[in-house]
Amino acid sequence: MHIDHIAIPSDHPRAKSLYIREMLVKGFRRGLVVPEGLIAHGRGEAYDYLIGERTTKTAQRAIKAAAAMLLLSSRPVISVNGNTAALCPNTVVELAKVAGASIEVNIFYRTEARERAIKAELELHGAKKVLGVGSKASARIPELQSERRRVDPDGIYAADTVLVPLEDGDRTEALVKMNKTVIAIDLNPLSRTSRAANITIVDNVVRAMPALAEVARKLRGTMSLKKITDNFDNRKHLQESLKIMKGEV
Ligand code: ATP
Ligand code: MG
């Protein structure tokens, strides 16, 4: 695998993990990712190591429930931060198309230059419309102090369902309080995000996002969507993920 400045030998035992790291470093150099995002990724890597760097069976069930929920929603929005834009811009766009979802930039460390860089990256991968940039983010999530409170009145503010890959706990809790259905992608089953979301996919965003797009495509037009979401138990999924990490199953 070749990335700008280095070549990772494909037979290196940690090749995939190193490759993902390099995507983030590259994203950092291009102004998509902040240094804090690199640290957040490190925490994610540790949990990924513990689940065996694969999509577990229980995560597959969460992905199916999340895909069904997106298809059932009338105004679904995918919230995109710097790490997500660096790791999987193509599958964000693909999922948005399949699920009829809008895409909105939402970042913790907000600068207009970075918002624009993230928007441009998504457009490069085929996004037609990207919400939440600059003065477009004119609505506010109540009770939230961080810059993540700024949202687009046509996007997250009006959404019934929000997909939040790599989210902060505060905002997840605030979105749930606003009666929105929140789908999180978070490798840490103990985080406030994981516990507050309605559906948490405990998996790496690089695997979960393409899987979500694929499952949504398969489920589109089927009748059993509501049954799938009703049968999903998030608490159970988090417990099962934790058991896998502890080596109990
Ligand atoms: P919370 O705010 O929800 O209580 P936190 O403060 O511990 O969680 P943050 O720094 O807000 O964590 O967000 C980083 C989260 O994103 C971590 O829980 C980490 O496990 C997760 N994460 C990082 N990289 C990835 C990735 N590639 N795929 C999925 N999850 C990831
Ligand atoms: Mg946090």
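**Close-up 1. Polar contacts around ligand 1 in the predicted model.** A polar side-chain atom of Asp186 lies 3.0 Å from an oxygen atom of ligand 1, in a model that is predicted rather than experimental. The protein covers 86% of the 630 Å² of accessible area that ligand 1 has on its own, with accessible areas taken from the Shrake-Rupley method with a 1.4 Å probe and, for residues, only the protein chains shown counting as cover. An oxygen atom of the ligand is also found 2.6 Å from a side-chain N or O atom of Thr193, and a polar side-chain atom of Asp168 stands 3.1 Å from an oxygen atom of ligand 1. The term polar contact denotes a pair of N or O atoms within 3.5 Å; within protein, one must be able to donate a hydrogen and the other to accept it, and residues adjacent in sequence count only if both atoms are side-chain atoms. In total, 18 residues surround the ligand, and the closest are Gly169, Asp186, Thr193, Asn204 and Val205; a residue is near a molecule or strand if one of its heavy atoms lies within 4 Å of it.

Conventions for the views are as follows. Residues are numbered from 1 along each chain as its sequence is written, while chains are lettered from A and ligands numbered from 1 in the order in which they are written. Because the model is predicted, local features need pLDDT of at least 70 and side-chain atom pairs count only at pLDDT 80 or more, whereas totals for chains, interfaces and linings use all residues, and side-chain values use heavy atoms, with hydrogens and water left out.

Close-up 2. Six strands form an open sheet in the order E5-E4-E3-E8-E9-E10, with parallel pairing. Strand E5 (130-131) and strand E10 (199-201) stand at the edges, each with a single partner strand, so one side of each is left without a neighbour in the sheet. Two strands are taken to pair if DSSP finds at least two bridges between them, and the elements themselves are DSSP runs numbered from the N terminus, with helices (H or I) of at least four residues and strands (E) of at least two. Between E8 and strand E9 (residues 181-185), five bridges are found in the parallel sense, and Leu163 stands opposite Ile183 in E9.

Close-up 3. Strand E8 (residues 161-165) runs parallel to E3 and is joined to it by three bridges, with Pro76 opposite Thr161. Four bridges pair E3 in the parallel sense with strand E4 (residues 102-105), where Ile103 is the bridge partner of Ile78.

Close-up 4. Arg14 forms a salt bridge with Glu53, the closest N and O atoms being 2.6 Å apart. This pair links distant parts of the chain, 39 residues apart, with Arg14 in the loop between strand E2 (6-7) and helix H1 (15-29) and Glu53 in the loop between helix H2 (35-50) and helix H3 (57-72). A salt bridge here is a side-chain nitrogen of Lys or Arg within 4 Å of a carboxyl oxygen of Asp or Glu, and by this rule the count comes to 21. Arg14 is partly exposed at 30% relative accessible area, and Glu53 is partly exposed at 31%. Arg21 forms a salt bridge with Glu45, with the closest N and O atoms 2.8 Å apart, a pair that connects helix H1 to helix H2 across 24 residues of sequence. Arg21 is partly exposed at 40%, whereas Glu45 counts as buried at 17%. Ser17, found in helix H1, is buried at 13% relative accessibility and touches both Glu45 and Glu53, not counting residues up to four places away in sequence; contact means heavy atoms within 4.5 Å.

**Close-up 5. Further salt bridges.** Asp48, Asp203 and Arg207 are linked in a network of salt bridges. Glu147 forms a salt bridge with Arg150, their closest N and O atoms being 3.4 Å apart; Glu147 is partly exposed at 27% relative accessibility, and Arg150 is partly exposed at 21%.

Notes: Buried < 20%, exposed > 50% of the residue type's maximum accessible area, 1.4 Å probe, protein only.
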